[in-house]
Amino acid sequence: MGRRQPDSDFGRFVLLMLLLTGAISCCMVYLFLSSVFRPTVASSVEQGLVEKGAEDLRSEQGECCNGIEHLELWGDAVKWGSEFRVNSSQVCCMACKKMCGGDGGPCLCNSWVFCGDRVACGPRFGECWLKRQKDALNPDRRDSGDRVMWTSGFVFGKREGIISLETEHGTLRIKLLPECAPHSVAYILELLALSHCAGCQIHRAESRGSFWNSEGNHIKDAPFGPPFALIQGTLGARGTIFQEIPKEFCPTIKRGSIAWVGSGPEFFISLANHKEWTKKYTVFGSVIFQDMEILDKIAQLPTKQELWGNLNVSVLEKPVPLRLQRKTKLL
């Protein structure tokens with residue numbers, strides 16, 4: 001039998017150590033580069049958080065696609081109605097939504113116009129005009145009123161249609177839902193066009209207490225309030241004439257939902273998932289997930305008790321003024 005060569009084993013051991021050291025070095029370089037370029041990944045995660053509340057609301061009652069009757073929106077046509085006819089305003093709206101990319105980019109179509117009155121439209125009956133507004137938060141209106149035969153609506157991309165409610169405690173970003181609550185969103189856009197929103201404020205603040213957890217889920221066997229886990233205020237600017245908003249999209253209220261009290265301009269933002277509230281409140285937007293902590297902070301401000309009818313509520317000792325601002329796109 002041949003003699004064993006110890007030097008050969010030692011050489012293989014050294015080679016193995018060199019290979020292992022090289023592999024570790026490569027891993028460290030990869031981790032370093034990943035951390036440097038992580039903003040691209042973080043942006044994707046942020047987009048998911050942004051869309052979460054609004055998509056949860058939409059999915060409950062299927063795909064929303066509603067418009068406003070007796071309104072004609074102007075704008076650059078991306079598909080001519082004289083060459084594109086459909087059976088309903090919903091189909092026209094869906095055709096516009098299909099022109100929105102799924103990657104969160106801008107929509108090629110952000111407004112639509114449909115002629116659905118057979119008598120008034122005459123030979124133009126069924127025309128569906130798909131359009132692109134230069135400014136989605138300030139759409140170009142041509143005409144409105146009972147004599148207008150058109151129905152029109154807005155469509156915002158996944159990362160578009162964001163407005164800001166500025167407070168002294170931080171800025172709340174709101175994702176609007178024009179396809180679900182077009183009349184409500186049209187009113188908000190009118191407020192944005194004003195140079196001020198004097199009188200817009202938060203005046204009631206009730207925390208989740210020990211009845212809902214941090215994710216807004218109700219604790220088993222706990223009461224449903226008070227406190228009622230909501231922030232309430234008004235979006236009625238002093239000096240302007242307010243017209244009641246019709247009931248529109250009424251899903252189950254979720255944490256972050258922003259809805260009208262009755263027909264407005266009183267509104268509330270829910271701090272919890274309120275399955276116990278029947279579907280009777282028009283929801284027109286959702287607070288961006290990351291900004292909910294600002295509302296939780298406002299809910300801890302000093303309050304005083306008041307009796308509204310037979311209901312005990314917590315009213316802020318010092319109301320929080322609101323300022324509406326444009327934010328055409330979430331970066």
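**Exercise 1. In which loop is Asn 213 found?** Then describe its surroundings.

*Solution.* The model is predicted.

Step 1. Asn 213 sits in the loop between strand 10 (201-206) and strand 11 (230-234).

Step 2. Check accessibility. Buried means under 20% relative accessible area, exposed over 50%, and partly exposed in between. Asn 213 has 29% relative accessibility, so it counts as partly exposed.

Step 3. List the contacts. Leaving out residues up to four places away in sequence, Asn 213 touches Arg 208 and Ile 219.

Step 4. Compare sequence with space. Asn 213 and Asn 273 are 60 residues apart in sequence. Their C-alpha atoms are 9.9 Å apart in space.

**Exercise 2. Which residues of helix 3 are buried, and what do they pack against?**

*Solution.* 

Step 1. Find the helix. Helix 3 covers residues 89-97.

Step 2. Name the buried residues. They are Ser 89, Cys 92, Cys 93, Ala 95, Cys 96 and Lys 97.

Step 3. Recall helix geometry. An α-helix has 3.6 residues a turn, so residues three or four places apart point the same way.

Step 4. Find the partners. The buried residues of helix 3 pack against strand 4 (111-115), strand 5 (128-132) and strand 7 (150-154).

**Exercise 3. How many disulfides does a search of the whole structure find?** Work through three of them.

*Solution.* The search finds seven disulfides.

Step 1. Take Cys 64 and Cys 180. Their sulfur atoms are 2.2 Å apart. The link has 100° about the S-S bond and is right-handed. Cys 64 lies in the loop between helix 2 (38-60) and strand 1 (68-69), and Cys 180 in the loop between strand 9 (170-176) and helix 5, so the pair ties together parts that are 116 residues apart in sequence. Cys 64 counts as buried at 7% relative accessibility. Cys 180 is buried too, at 1%.

Step 2. Take Cys 65 and Cys 93. The S to S distance is 2.1 Å. With -85° about the S-S bond, this link is left-handed. Cys 65 is in the loop between helix 2 and strand 1, while Cys 93 is in helix 3, so parts 28 residues apart in sequence are tied together. Cys 65 has 5% relative accessibility and counts as buried. Cys 93 has 0% and counts as buried.

Step 3. Take Cys 92 and Cys 128. Their sulfur atoms are 2.0 Å apart. The torsion about the S-S bond is about 85°, so this disulfide is right-handed. The pair links Cys 92 in helix 3 to Cys 128 in strand 5, 36 residues apart. Both Cys 92 and Cys 128 are buried.

**Exercise 4. How many aromatic pairs does the structure hold?** Classify two of them.

*Solution.* The structure holds eight aromatic pairs.

Step 1. Take Tyr 187 and Phe 242. The centres are 5.2 Å apart, with 80° between the planes. Planes over 60 degrees apart count as edge-to-face, and the pair of Tyr 187 and Phe 242 is edge-to-face.

Step 2. Tyr 187 is in helix 5 (residues 182-193), and Phe 242 is in the loop between strand 11 and strand 12 (257-260). The two are 55 residues apart.

Step 3. Check accessibility. At 12%, Tyr 187 counts as buried. At 25%, Phe 242 counts as partly exposed.

Step 4. Take Trp 277 and Tyr 281. This pair is also edge-to-face: 6.0 Å centre to centre, 65° between the planes.

Step 5. Look for a cluster. Tyr 187, Phe 242, Trp 260 and Phe 284 form one aromatic cluster.

Terms used
Residues are numbered from 1 along each chain as its sequence is written. This is a predicted model: local features need pLDDT of at least 70, side-chain atom pairs count only at pLDDT 80 or more; totals for chains, interfaces and linings use all residues. Side-chain values use heavy atoms; hydrogens and water are left out. Helices (H or I, at least four residues) and strands (E, at least two) are DSSP runs, numbered from the N terminus. Buried means under 20% relative accessible area, exposed over 50%, partly exposed in between (1.4 Å probe, protein chains only). Contact means heavy atoms within 4.5 Å. Rings of Phe, Tyr and Trp (its six-membered ring) pair if their centres lie within 6.5 Å; planes under 30 degrees apart count as stacked, over 60 as edge-to-face and the rest as tilted. A disulfide is a pair of cysteine sulfur atoms within 2.5 Å.
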